[in-house]
Amino acid sequence: MKTLYLDCFSGISGDMFAAAMLGLGVDGALLSALPGLLGLDGVQIAVTKKTKGGIAAVDFNVILPEEHDGTEHDHHAGHRRFADIAALIEKSSLSADVKALALRIFTRIAGAEGKIHGLPAADVQFHEVGAVDSIIDIVAAAVCVEALKPDRVVCSPLTEGSGTVACAHGILPVPAPATAEILRAGAVPFRCTDAGTELVTPTGAAITAELAQQFGPMPPMTALGIGYGCGKKELAHPNLLRAVLGESVQGCACADRAAVLETTIDDSTGEALGFCVERLFSAGAKDAFFTPVFMKKGRPAYELTVLCAEEQAGRFARLVFEHTGSIGLRLRVSDRIVMQRRNVKVATKYGEIDCKLCEYDGIEKLKPEYESLKSAAAAHGVALDAVSRAVLHNIE
């Protein structure tokens, strides 16, 4: 399984992500073509090599028309509604997958800005992220993902700075409100340092929240390439984003670790526990289930079990306390032997069905996704099992 790992030891921004992907081998011509594809006349892309802290890295820049002749220009000028940005992307000749990913990233930013300012997402007036360079940064990120086609993206916890940042709404604390809300909504773990400046931008936060399926140390894998993307600020440490593209190690017995939360509950109904499990999955739990048990004196009860990333154990404990009668949890960290997984589509007479292809030491299993089976069955008026059989028939 091809894994993209983002080592955000100095934060992340849109231009740092694009630069790191170029360092991994993405064709620069794909990004140079973006202004023309988006109808942004006069805008140019500049890709150069720089050295940061003795490390050779890629620097990605968007050059606006006013800068061609040396005129000073504020990249963060410009106000665009989210609906206008969406229309700009939709009418471009970019691929459907690139458009969809870019819009999902922008939707995260619009949702955060809307919550902060009390506006519907479509009416949000973008300032920093609405500028032309940031629009291109986000679309460039989507183009790079399509070019590299990783099966999964894993990210380190983000490193944010401290102090204040100048925004369109004035001087605000780091992390900026939009960044903080994106990280909260996306359940992205982060830590603040004494860097004295912003290290994670709203664009970088949204790219991370949308792409990363897992947070933590780099999983066991063989590196195929390593790319370094430059940040624009000069810091005491090398201001870089390191990206590693690799193949997961086959048959590694410690390929995954998870926190296991358990609690025995005798004062919550089955319906309440069912709702709790739905909330846990919505929040990104690896697994969640409850089992009938008997407590002392023969009292019937349920044992609730939750699997989640180690660093998110506290967050999921809060959800359990909020939605059940539990007042205490057992916690352990468990190594897991897991099959490598990647998403595939299987064509059937009922349309394309989303499936998960699982592999381990020569063993393969194809698992159709329930929601995809359900949608196809409803659309064609057939039983769920009929769609499932069609998937298996088409791969035999």
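Helices here are DSSP runs of H or I with at least four residues, numbered from the N terminus. Ala206 is found in one such run, helix H8. The model shown is predicted.

**Figure 1. The whole chain.**
The secondary structure comes to twelve helices and 20 strands. The radius of gyration is 23 Å, close to the 21 Å that the globule rule gives for 396 residues, so the chain is as compact as a globular protein of that length. Along its principal axes, the C-alpha trace spans about 80 × 50 × 45 Å. Of the 396 residues, 46% count as buried. Take the contacts between residues at least 6 apart in sequence: 67% of them join residues at least 24 apart. The chain exposes about 18900 Å², and carbon and sulfur atoms supply 53% of that area. There are 38 positive and 48 negative charges, and their mean positions lie 6 Å apart.

**Figure 2. Confidence along the chain.**
The average pLDDT is 89. A score of at least 70 is reached by 93% of the residues. Confidence is highest in helix H1, residues 14–23, with a mean of 98. Confidence is lowest in strand E5, residues 125–126, with a mean of 72.

Helix H8 covers residues 202–211. How many of the ten residues of H8 are buried? Nine of them are, and the helix is mostly covered. The buried set is Pro202, Thr203, Gly204, Ala205, Ala206, Ile207, Thr208, Ala209 and Leu211. Ala206 has a relative accessible area of 0%. The cut-off for buried is under 20%, so Ala206 counts as buried. Which residues does Ala206 contact, leaving aside its neighbours within four places in sequence? They are Ile105, Arg108, Ile109 and Ile182. For scale, Val58 is 148 residues from Ala206 in sequence and 21 Å away in space, C-alpha to C-alpha.

**Figure 3. Helix H7 and its cover.**
Helix H7 runs over residues 177–185. Its buried residues are Ala178, Thr179, Glu181, Ile182 and Leu183. An α-helix has 3.6 residues a turn, so residues three or four places apart point the same way. What covers the buried residues of H7? The cover includes helix H5 (96–117), strand E7 (158–160), strand E10 and helix H8. Ile182, buried in H7, is also one of the contacts of Ala206.

**Figure 4. The loops on either side of H7.**
Pro175 lies in the loop between strand E9 (170–173) and H7. The peptide bond from Val174 to Pro175 is cis, with omega near 0 degrees. Beyond the helix, H7 is followed by Ala187. Ala187 is found in the loop between H7 and strand E10 (190–192). Phi of Ala187 is near 55 degrees, a positive value in a residue other than glycine. Is Ala187 buried or exposed? At 13% relative accessibility, Ala187 counts as buried.

**Figure 5. Lys149 and its positive phi.**
Lys149 sits in the loop between helix H6 (132–148) and strand E6 (152–155). Phi of this lysine is positive, near 50 degrees. Lys149 has a relative accessibility of 56%. The cut-off for exposed is over 50%, so Lys149 counts as exposed.

**Figure 6. Asp287 in strand E15.**
Strand E15 takes in residues 287–294, and Asp287 belongs to this strand. Asp287 is partly exposed, at 30% relative accessibility. Beyond its neighbours within four places in sequence, Asp287 is in contact with Phe281, Thr305, Val306 and Leu307. Asp287 and Leu4 are 283 residues apart in sequence. Their C-alpha atoms are 23 Å apart in space.

**Figure 7. Lys374 in helix H11.**
Helix H11 spans residues 370–380 and holds Lys374. Relative accessibility is 41% for Lys374, which counts as partly exposed. Val387 is 13 residues away from Lys374 in sequence. From C-alpha to C-alpha, Lys374 and Val387 are 8.6 Å apart.

How values were computed:
Residues are numbered from 1 along each chain as its sequence is written. This is a predicted model: local features need pLDDT of at least 70, side-chain atom pairs count only at pLDDT 80 or more; totals for chains, interfaces and linings use all residues. Side-chain values use heavy atoms; hydrogens and water are left out. Helices (H or I, at least four residues) and strands (E, at least two) are DSSP runs, numbered from the N terminus. The radius of gyration is taken over C-alpha atoms; the globule rule is 2.2 Å times the number of residues to the power 0.38. Buried means under 20% relative accessible area, exposed over 50%, partly exposed in between (1.4 Å probe, protein chains only). Contact means heavy atoms within 4.5 Å. Accessible areas come from the Shrake-Rupley method with a 1.4 Å probe; for residues, only the protein chains shown count as cover. Lys and Arg count as positive and Asp and Glu as negative; His and the chain ends are not counted. The place of a charge is taken as NZ of Lys, CZ of Arg, CG of Asp or CD of Glu. pLDDT is the predictor's confidence in each residue, from 0 to 100.
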